[in-house]
Amino acid sequence: MAKNFSIKHQPGFTAIAATCFIVLYLPIIVLVIYAFNAASSTSEWGGFSLKWFQSAWQNTQVVDATLRSFQIGSIAAVLSTIFATMAALATTRTAPYPGLTFKYAAINQPLMVPEIVTGVALLIFFSRVKIFTGYSGIGYLVAAHTAFCIPFAYLPIRARLENMDLTLERAAADLYATPWKTFRRITLPLLWPGILAGLMLAFVISLDDVVITEFVKSGGQDTLPTYMLGQIRRGITPEINAISTAFLLLSVAIVTLFFFVSRKRD
Amino acid sequence: MATAEEVAKAAERRDVRDRWLLSAPALLVIFLAATGPLLIVLVYSFLTPGSYGDVKWQFSPEAWIAVFLERDIFDDTLSIAAAHVTIFLRSIKLSVVTTIATLALGFPTAYFMATRSEKTRDLWLFLITIPFWTNLLIRTFAVLQIIRNEGIINTILLKLGIISAPIQILYTDTAILIGMAYVYLPLMVLPIYASMEKLDFRLVEAGYDLYATRFQVLRRIIFPLVKPGVIAGSILVFIPALGAYVTPSVLGGGKNMMLSNLIELQFGQGRNWPLGSALSIAVMIIVMVALLAYVRNAGKSGVRHG
């Protein structure tokens with residue numbers, strides 16, 4: 001028997017876990033390193049250089065796609081967070097009522113369907129609407145992104161609400177605060193971390209989407225991920241590494257923020 | 001005069017009405033831009049293809065027949081559509097193998113994370129969450145750079161003299177498999193970790209006191225207790241793997257199609273929207289079956305432990 005018999009030990013598990021963490025990060029690290037490669041081939045190292053970041057920055061297609069991604073992401077994130085907050089208020093802290101289960105199912109529906117199916121469905125539906133209305137702007141992308149961001153924004157908001165009891169709100173009502181005032185002064189400040197977490201989640205989810213955007217977009221409406229997919233299919237250049245690295249940094253920053261916001265206890 | 005009971009009932013009715021009004025915007029957006037269009041796909045799968053894409057409004061079961069069968073253009077006889085069957089089987093096979101591979105790697109990883117001290121646990125969780133929220137396309141692209149012929153795996157093996165020519169991994173089923181296992185691994189680890197974190201290690205201790213071996217403890221105590229997490233993780237990996245689009249497009253190189261690429265083809269060069277619709281509904285049916293199996297299984301294990 002081993003000297004220190006640990007009940008938590010399982011043979012080989014630590015080795016597998018270590019392998020997993022290394023394997024998860026190694027490709028990302030290699031990708032980032034090659035973004036700073038001076039050589040134009042992605043297989044040899046030609047010294048440190050920022051020229052690929054510079055060339056991406058000067059590529060109008062990249063800049064356009066990035067701005068479009070941010071535009072769609074911020075509108076979709078704000079809208080879906082507002083709708084998700086309202087829906088969360090309507091579906092928590094209550095005795096079961098007719099339709100409650102239906103609401104849960106409806107809100108989570110976008111999570112249950114593979115993206116490709118939603119993408120195809122929206123392609124068919126929006127192509128009809130386009131003929132009917134003659135409008136072909138980014139409104140369709142915003143609508144699609146808002147819809148699939150709602151369940152993600154809903155998650156942290158609902159979780160936060162479920163941990164808030166109704167005592168303070170009842171006290172406010174006892175002191176003759178109107179329902180709106182109670183919401184503004186009591187519920188909203190307490191719920192705020194959940195709302196922020198939902199907003200950030202929705203933004204990241206929208207920013208990352210490839211499949212649904214690929215099917216819904218009209219010509220010239222590339223977002224950053226669909227632009228990158230097109231480029232990768234054509235062959236790889238270090239410029240894609242540079243764009244990926246910038247994108248990664250942004251994601252990591254948002255996730256870090258999300259992590260702290262959602263862990264904050266008060 | 002209204003009795004107190006009537007007043008309470010009216011208040012309750014008003015409350016339910018307000019709750020419906022509050023959830024209306026979310027439900028409406030999801031119905032218009034997610035759920036509703038799925039019904040249109042179902043309708044389209046029973047129509048006739050138009051000459052330049054889209055459909056003619058004429059009922060036809062041809063699209064559904066074409067999912068698995070091929071009609072001979074000369075004598076109208078039906079035979080198995082080998083290409084479609086191959087793609088269906090490949091997609092299911094790759095998704096199942098991906099699920100098993102992520103489980104084999106993810107289970108020990110979740111166990112490792114859950115057995116750390118409270119303080120470091122958050123750090124490990126953070127490390128697994130970062131790839132989870134990182135763009136899937138970027139992670140697939142990262143895998144592409146590792147496994148291609150000029151990538152570091154082949155370069156190192158060549159330099160060490162283990163191989164004399166690069167191993168062709170890219171644009172094979174293996175590449176899709178590696179890519180999917182890589183991008184979906186966090187989806188397996190997170191739910192297993194969530195179950196594992198609640199594991200009561202006094203039960204494990206009791207097992208050892210009764211002379212159980214490490215493997216017996218793992219199989220008879222730990223695994224049954226975290227089974228809900230294992231099932232949730234498997235579902236979370238299997239569903240997106242079956243409908244995967246980005247990974248096969250980037251790593252499969254167009255030749256090794258999966259279901260999503262076949263569907264995309266019908267809406268692009270194939271110009272057969274009804275067939276694309278029928279294939280989409282077929283994918284949905286497979287997903288629904290998997291979800292039902294999950295719900296039934298989760299219900300059963302709930303009864304046993306409760």
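Residues are numbered from 1 along each chain as its sequence is written, and chains are lettered from A, with ligands numbered from 1, in the order in which they are written. Because the model is predicted, local features need a pLDDT of at least 70 and side-chain atom pairs count only at pLDDT 80 or more, whereas totals for chains, interfaces and linings use all residues.

The model scores an ipTM of 0.89 and a pTM of 0.90. In terms of pLDDT (the predictor's confidence in each residue, from 0 to 100), chain A averages 90, with 97% of its residues at a score of at least 70, while chain B averages 89, with 96% of its residues at a score of at least 70. Helices (DSSP runs of H or I, at least four residues) and strands (DSSP runs of E, at least two) are numbered from the N terminus. Within chain A, helix 11 of chain A has the lowest confidence, at a mean of 88, and helix 3 (residues 60–91) of chain A the highest, at 96. Among the elements of chain B, the lowest mean pLDDT, 80, belongs to helix 12 (residues 273–305) of chain B, and the highest, 95, to helix 7 (residues 173–197) of chain B. Over residues 302–306 of chain B the pLDDT is below 50, and beyond near neighbours in sequence this stretch has zero contacts in the model, two residues being in contact if their C-beta atoms, placed from the backbone, lie within 7 Å.

For chain B, an unreviewed UniProt entry lists "transmembrane region" at residues 20–47, 94–112, 124–144, 175–194, 229–253 and 273–295; such positions are given in the numbering used here, feature names are shortened, and annotations may be inferred rather than shown by experiment. In the model, residues 20–47 of chain B are 89% helix and 4% strand, with the end C-alpha atoms 36 Å apart. Residues 94–112 of chain B are 100% helix and 0% strand, and the end C-alpha atoms of this span lie 27 Å apart. The unreviewed entry in UniProt also lists "domain: ABC transmembrane type-1" at residues 88–296 of chain B, a span that is 79% helix and 0% strand in the model and whose end C-alpha atoms lie 25 Å apart.

Domain bounds, which come from an automatic or database domain assignment, divide chain A into domain 1 (10–49) and domain 2 (60–263). The C-alpha centres of these two domains of chain A lie 31 Å apart, and their contact takes eight residues from domain 1 of chain A and seven residues from domain 2 of chain A. When residues are classed as nonpolar (Ala, Val, Leu, Ile, Met, Phe, Trp, Tyr, Cys and Pro), charged (Asp, Glu, Lys and Arg) or polar (the others, Gly among them), the side of domain 1 of chain A that touches domain 2 of chain A has five nonpolar, three polar and no charged residues.

In chain B, the assignment gives domain 1 (15–79) and domain 2 (81–305), with C-alpha centres 29 Å apart. Their contact takes 18 residues from domain 1 of chain B and 14 residues from domain 2 of chain B. On the domain 1 side, helix 1, strand 1 (47–49), helix 2 (62–68) and strand 3 (69–71) of chain B each supply at least two residues, and helix 2 of chain B gives the most, with five residues. The residues of this side divide into 13 nonpolar, three polar and two charged.

Within chain A, the axes (lines fitted to C-alpha atoms, for helices over the stretch in contact, with angles from 0 to 180 degrees between N-to-C directions) of helix 2 (residues 51–58) of chain A and helix 11 (residues 238–263) of chain A come within 8 Å and cross at roughly 85°. These two helices of chain A are therefore roughly perpendicular to each other, given that angles of 65 to 115 degrees count as roughly perpendicular, under 35 as roughly parallel, over 145 as roughly antiparallel and the rest as oblique. Trp52(A), Phe53(A), Ser55(A) and Ala56(A) of helix 2 of chain A make the contact with Pro238(A), Glu239(A), Asn241(A), Ala242(A) and Ile243(A) of helix 11 of chain A.
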